Number of protein chains: 2
Amino acid sequence: MNEQHSVPQGDRRGLLIILSSPSGAGKSTLAKRLREWDTSLRFSVSATTRKPREGEVDKKDYYFVSEDAFRTLVNDGEMLEHARVFGNYYGSPRAPVQSAIDHGRDVLFDVDWQGAQQISNSALKQHVLSIFILPPSITELRRRLVTRGQDDADTIAKRMEASWDEISHWDGYDYVLVNDDLAETEARLKSIITAERLRLSQQPNLVDHVRALQSEFEENT
Amino acid sequence: MNEQHSVPQGDRRGLLIILSSPSGAGKSTLAKRLREWDTSLRFSVSATTRKPREGEVDKKDYYFVSEDAFRTLVNDGEMLEHARVFGNYYGSPRAPVQSAIDHGRDVLFDVDWQGAQQISNSALKQHVLSIFILPPSITELRRRLVTRGQDDADTIAKRMEASWDEISHWDGYDYVLVNDDLAETEARLKSIITAERLRLSQQPNLVDHVRALQSEFEENT
């Protein structure tokens, strides 16, 4: 199915908003504040082949699917991105995202650079807004990981390696923010989302407004 | 000269901000408010082959040039856009705009759809931000022209024809705003400019920040 032919139901088409950053750069806090600002914002629900853990709810926490079903979705082009992690598959199904954006709702994606790249090249690429958040310094990044107190030195070293891998792909995004001031970064994110909603490609229904102007013009001349 | 090879001097590269709309849609008021918001915003100074009128200052109101000089600029690709109006040439010289954006200053362009199209296809297209402002209705557009009280009925009819010609090219812009509430449109314009300044392509100096992160990372591992 080509999204160009789907009909948006609301005033505008929704965006696929990709937020990527190394862990410790402030992404979770920023995503939380964005969702307080606009309560219609939702994270995309991933599909996975791993077994549900206690308390996890199908279709809410994940779409729990078999490996066969997952492969079929991938082969049918129904996954915006996917990856194999520790023997299990994870991915973002296209259909619920398509439905959301057709109803004028934006969808948030918390994915790494590889997921971001796949979504940015997917069937919905026209509606993707990708943002990378850089830390002000490596020292500050490490400080935030250490302060969290969840990890031992070895794990922190591994996280820092992963962080650097993520940072090194900073230039594959539409927008890049250095998070040296949380309030400022939050304001900037809101400006970016507000702006991108006003792009021509996000407002297919403006055609109707222009048609109305045309009728009015022709009636009066 | 390829702008890719010019070195930005400030924290970011400036934008070429194109504001187009039919007359009466509120563009002048909005441009004025944008310049109060950011006093570094300047309109591009046009070059023209027409004679200076009393009080007009060269290089401030216009670059007054000969027809030969104008043609040479066009042939050398030194005009971002140009047009002939009532026997005189008008155009936007590239060099001063290039200098401004290299110093991190944005330049406003008040051009019609033909000028917008030329600038959007110029050597500086990578840094162009084009915005079209639609009126809420034709009735409102006419009301604003009549209320101004500058024109007779015949002139207003001609202006309305020109307005429709302009409106009919609404879909060649990056962003489209319906100006049904001036304060809201002003806020949206500010969000768009704030956002576009944060695009990867506008922040060439971020490379230095990432290099500093890399050095820091390597020193600590």
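1. The largest nonpolar core has 88 residues. Those with the most contacts inside it are L16, I18 and I131 of chain A, and L16, I18 and I131 of chain B. A nonpolar core is a set of buried Ala, Val, Leu, Ile, Met, Phe, Trp, Tyr and Cys residues joined through C-beta atoms within 7 Å; buried means that 20 or more other C-beta atoms lie within 10 Å of a residue's own, with C-beta atoms placed from the backbone.

2. The model is predicted: local features need pLDDT of at least 70 and side-chain atom pairs pLDDT 80 or more, while totals for chains, interfaces and linings use all residues. Residues are numbered from 1 along each chain as its sequence is written, and chains are lettered from A in the order in which they are written.

3. Leaving aside residues up to four places away in sequence, I18(B) touches F109(B), V111(B), A116(B), I119(B), V128(B), L129(B), S130(B) and I131(B). Contact means C-beta atoms, placed from the backbone, within 7 Å.

4. Chain A superposes on chain B by a rotation of 180 degrees with 0.0 Å of shift along the axis, at RMSD 0.0 Å. That is the relation of a two-fold axis. The C-alpha of chain A nearest the axis belongs to S191(A), 2.3 Å from it.

5. At the interface, 30 residues of chain A are in contact with 30 residues of chain B. On the side of chain A that touches chain B, 18 residues are nonpolar, seven polar and five charged. Because 100% of the interface residues of chain A are also interface residues in chain B, the copies meet through the same surface.

Terms used:
A residue is buried if 20 or more other C-beta atoms lie within 10 Å of its own, exposed if 12 or fewer, and partly exposed in between; C-beta atoms are placed from the backbone. Two residues are in contact if their C-beta atoms, placed from the backbone, lie within 7 Å. Copies are superposed by least squares on the C-alpha atoms of residues with pLDDT of at least 70 in both. Ala, Val, Leu, Ile, Met, Phe, Trp, Tyr, Cys and Pro count as nonpolar, Asp, Glu, Lys and Arg as charged, and the others, Gly among them, as polar.
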